[in-house]
Amino acid sequence: MIKHILLIALTVSCFSCKKTSEAKSKSTNSNSNEVIQLDLDLSDTGIKIQPTMYGVFFEDINFAADGGLYAEMVKNRSFEFLLPKMGWKEPNSNTHSHNTDSGFLNPMQYSGENTNHRFARVTVKGSKYALINEGYRGMGIKKDAKYNLTLDAKKVSGDISKINIQLIDTLQNVLGETYIIPEKNTWKNYEAQLTASKTEAHAQLKLTFEGKGEIDLDMISLFPEDTWKGRKKGLRKDLVQLLSDLNPGFLRFPGGCIVEGRTLERRYQWKKTVGDIEDREVLVNRWNTEFMHKFTPDYYQSFGIGFFEYFQLFEDLGAEPLPILSCGIACQFNTGELVSMKDLDPYVQDALDLIEFANGDTSTKWGKLRTEMGHPKPFNLKYIGIGNEQWGEVYIERYKVFHEAIKAKYPDIIIVSGSGPFPDGDQFEYGWEQLKQMNAEIVDEHYYKSPEWFLENAGRYDSYDRKGPKVFAGEYAAHPKEVEDGPKENNWQGALAEAAFMTGLERNADVVTLTSYAPLMAHIDAFQWAPDLIWFNNLEAYGTVNYQVQKLFSTNAGTDVLSITENGKPLIGQHQIYASVVKDVHSNELIFKIVNSGTNHQNIIISPKGNKLSGEGSISTLQSDDLSTNNDFDNPEKIVLKTNQIKISDGKIQIELKPQSLNLVKIKI
């Protein structure tokens, strides 16, 4: 994720006079009565679409993990935030009072082998005491749905006989309730279940107590029973379903900038995210105060989704895992703090140990831990990324050490390197030059640019070195200008430009082997960055128009790239048309993705070279006459695929393209 706030003011890259002239000629509208003749070559190009071609990139930004994908509803469940009471309220207590008719909570610090070093000591003096958790901008509950509560408790003194547990709305109306009977003066885990009597997006969890005395509480947790695959304390079902519907070939995780951290101390360390959940060390999320106009000091990482859960998710989705690890450089847009070369070994060892955790057998330390966590079979990790958006000599010298160590022990692991945060410039060129000399396998490129840039760069990879490293288009999104910050940035102008650019990615699948939009998810009440592929609130989620474009490509990837041209040239904006075509040997189909970015209808005829087609086919279209149109919570399917049948006439495909449309044409061979 490109981190600097100035990047939100995105501009179009400069072009030479020649390129500007070419762009102007491409942008001229065609007469709607003109018939554009395109040539289809059915011969084998030798270019294969890799199963990893279209994937997803997950980063815990915009409350995407805690408060999003991770279905935990209690914020700061173990009182481990820097401010231990953050997320908790005591409405009937006063810090400057004895609270003789209520009570108070004191965060207690203790030392131990695990990393959960705080718990709550609640002193109950009267019946008015209440402890309320606000959740992640509230808690989304649905009528008749069941919610499972767990907590650790230890009686300290007095006669507290019952803990009453309620779901309440903002007016204190009770929407579900249960209770727990604390039994012992030693720690014990308790479970209870609540059933919601009403649907409410901003519910809260309320605890009250019967009797007086002191009681210790920790790991107060609430999950919906209906999680993804029914796993206890699992993932939010509707969000994972949206990911599954994309049929992703890979999932890059956990970032992004959170891999780097603002400082090395606050970097993402995978070893702290595995093992028992209650022992995972809470960390301040690096996005919590990154943007001063979107201050979210309550944004932390509980690591309830850790590396084991990520691997488990990839397995569920049938996708390849692509973990990204720190290379010993903190975010260069923040501190740029470096670990010295002589102290780099622990970082390198983390990478080697991660491969062992994913692929090792039970005779290995980390393979044994994976087995103990419930997955004896290896995860079959094939890829690993070193660094996120690092650049310059400091990155290259550290990357070399990782490369040599990983290849020495695990020669079959494919290593993803990076070219920095920008798609051009001197640091980009330097990175590519150095990585080529090292025979790097895959180089990650990022671009957050205007829609115009995406249209003008549809031919970007036509001229890339076919013998050099492959490309991972790891983070990209079109950022429309002068649009209200938030979901409206996910408009049809940006999505259509991305579709045009993606035809160029697909056409060059011999160079580009992995692609993913970024960021993936955003909570409507707690986002730092827009546009995003999926928007959600506490109850609902929807795929943006950009999501619909990604889904069209990823679920119709095909297996073999073919050639479609006009006068021998690929379609990269002539007549404002962009196109790619693939063959799918499994379904025995030709699959065309064709963009008309202009405001006129376009009539095209596609003529197979040396062959004739027969029968029928279909055309499915994403289209809007209004480029500012976006899907939203009220109308999540404002722009979705609409399908019609087409006939093959005289062995040729005749199509009318609607203005400002992405078209999926499928023909049985």
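Start by selecting V259, R267, Y268, Q269, W270, F307, I324, L325, S326, Y347 and D350, the residues that line the second largest cavity. The model you have open is a predicted one. About 100 Å³ of space lies inside the second largest cavity. Colour the lining by class and you will find 7 nonpolar, 2 polar and 2 charged residues. Now show the secondary structure: β17 (320-325) and α5 each supply at least two residues of this lining.

**Next stop: α5 and α7**

Stay with α5, and select residues 345-359 for helix α5 and residues 393-409 for helix α7. The two helices pack at an angle of about 35°, with their axes 10 Å apart. The crossing in which α5 passes α7 is right-handed. To see the contact, show the side chains of Y347, V348, A351, L352 and I355 on α5, together with V401, F402, A405, I406 and K409 on α7. This contact has 9 nonpolar residues, no polar ones and 1 charged residue. Look again at Y347: this residue belongs to the contact with α7 and also lines the second largest cavity.

**Along α7 to α8**

Select E393, I396 and Y399 of α7, then Y430, G431, Q434 and L435 of α8, to display the contact. By class, it has 4 nonpolar, 2 polar and 1 charged residues.

**Into the largest cavity**

How many cavities of 30 Å³ or more does the structure hold? There are 7. The largest cavity holds about 170 Å³ of space. Centre your view on R77, S78, F81, V282 and S302, which are the closest to its centre among the 20 lining residues. The lining of the largest cavity divides into 7 nonpolar, 6 polar and 7 charged residues.

**Last stop: a pocket**

Finish at the second largest pocket, which has a volume of about 560 Å³. Then highlight β8 (146-158), β13 (213-224) and α4 (307-317), each of which supplies at least two residues of the lining. Which of the elements gives the most to this lining? That is α4, with 5 residues. By class, the pocket lining has 9 nonpolar, 8 polar and 9 charged residues.

Key: Residues numbered from 1 in each chain as written. Predicted model: local features only at pLDDT ≥ 70, side-chain atom pairs only at ≥ 80, totals over all residues. Heavy atoms only, no water. Axes fitted to C-alpha atoms, helices over the stretch in contact; angles between N-to-C directions. Helix = DSSP H or I, 4+ residues; strand = E, 2+ residues; numbered from the N terminus. Left-handed = near helix turned anticlockwise from the far one by under 90°. Contact = heavy atoms within 4.5 Å. Nonpolar A, V, L, I, M, F, W, Y, C, P; charged D, E, K, R; others polar. 1 Å grid on protein atoms, 1.4 Å probe; cavity = no way out; pocket = protein on both sides within 12 Å on 5 of 7 lines; lining within 4 Å. Points joined across faces, edges and corners; volume = space filled by probe spheres on them.
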